[in-house]
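Please read the following report with the sequence and the model side by side, and find each residue as it is named. The text begins with the disulfides and then turns to the strands.

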Amino acid sequence: TDFCGPPKPVPHASLSLNKQYYVGQVLHFKCQKGYDKQPPTSGTRTCKKVNGKIIWTSFDMRCTNDSSHRVHQLPSLLPFVAASPNL
């Protein structure tokens, strides 16, 4: 069986580390408490063998507590109710 080396740490993300990472293993990263995933939010990496090299798949997840990077949702719009004239 082939193995990947330890994955690079992700700032403000946690991962339970193993001693060995085998080809085909998928790691799931989670943002630490108080931090949010920012797009792109793929929180997984996979140990793969590509052209004879053993590599980790690319990883784009970022964790931040910076509110300026949070996606702001528009406030819910109240339905407009037309007043009907009393007859």
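The link of Cys-4 and Cys-47 is right-handed, with 100° about the S-S bond, and the two sulfur atoms of this disulfide are 2.0 Å apart. A disulfide is here a pair of cysteine sulfur atoms within 2.5 Å. Because Cys-4 lies in strand S1 (residues 3–4) and Cys-47 in strand S7, the pair ties together parts that are 43 residues apart in sequence. Strands (E, at least two residues) are DSSP runs, numbered from the N terminus. Both Cys-4 and Cys-47 are buried, where buried means under 20% relative accessible area, exposed means over 50%, and partly exposed lies in between, as found with a 1.4 Å probe on protein chains only.

This is a predicted model, in which local features need pLDDT of at least 70 and side-chain atom pairs count only at pLDDT 80 or more, while totals for chains, interfaces and linings use all residues. Residues are numbered from 1 along each chain as its sequence is written, and side-chain values use heavy atoms, with hydrogens and water left out.

A search of the whole structure finds two disulfides, and another disulfide joins Cys-31 to Cys-63, with an S to S distance of 2.0 Å. The torsion about the S-S bond of Cys-31 and Cys-63 is about -85°, so this disulfide is left-handed. The pair links distant parts of the chain, since Cys-31 belongs to strand S5 (residues 30–31) and Cys-63 to strand S9 (residues 62–64), 32 residues apart. Cys-63 is buried, with a relative accessible area of 9%. When the bonded cysteines are counted along the chain, the disulfides of the protein chain follow the pattern 1-3, 2-4.

Which strands does S7 (residues 44–50) join by four bridges? The partner is strand S8 (residues 53–56), and S7 and S8 run antiparallel; two strands pair if DSSP finds at least two bridges between them. In the hairpin of S7 and S8, two residues lie between the strands, and Asn-51 takes a positive phi near 50°. S7 also pairs with strand S4 (residues 26–28) in the antiparallel sense, over three bridges.

| Residue | Residue across from it |
|---|---|
| Val-50 | Lys-53 in S8 |
| Lys-48 | Ile-55 in S8 |
| Leu-27 | Arg-45 in S7 |
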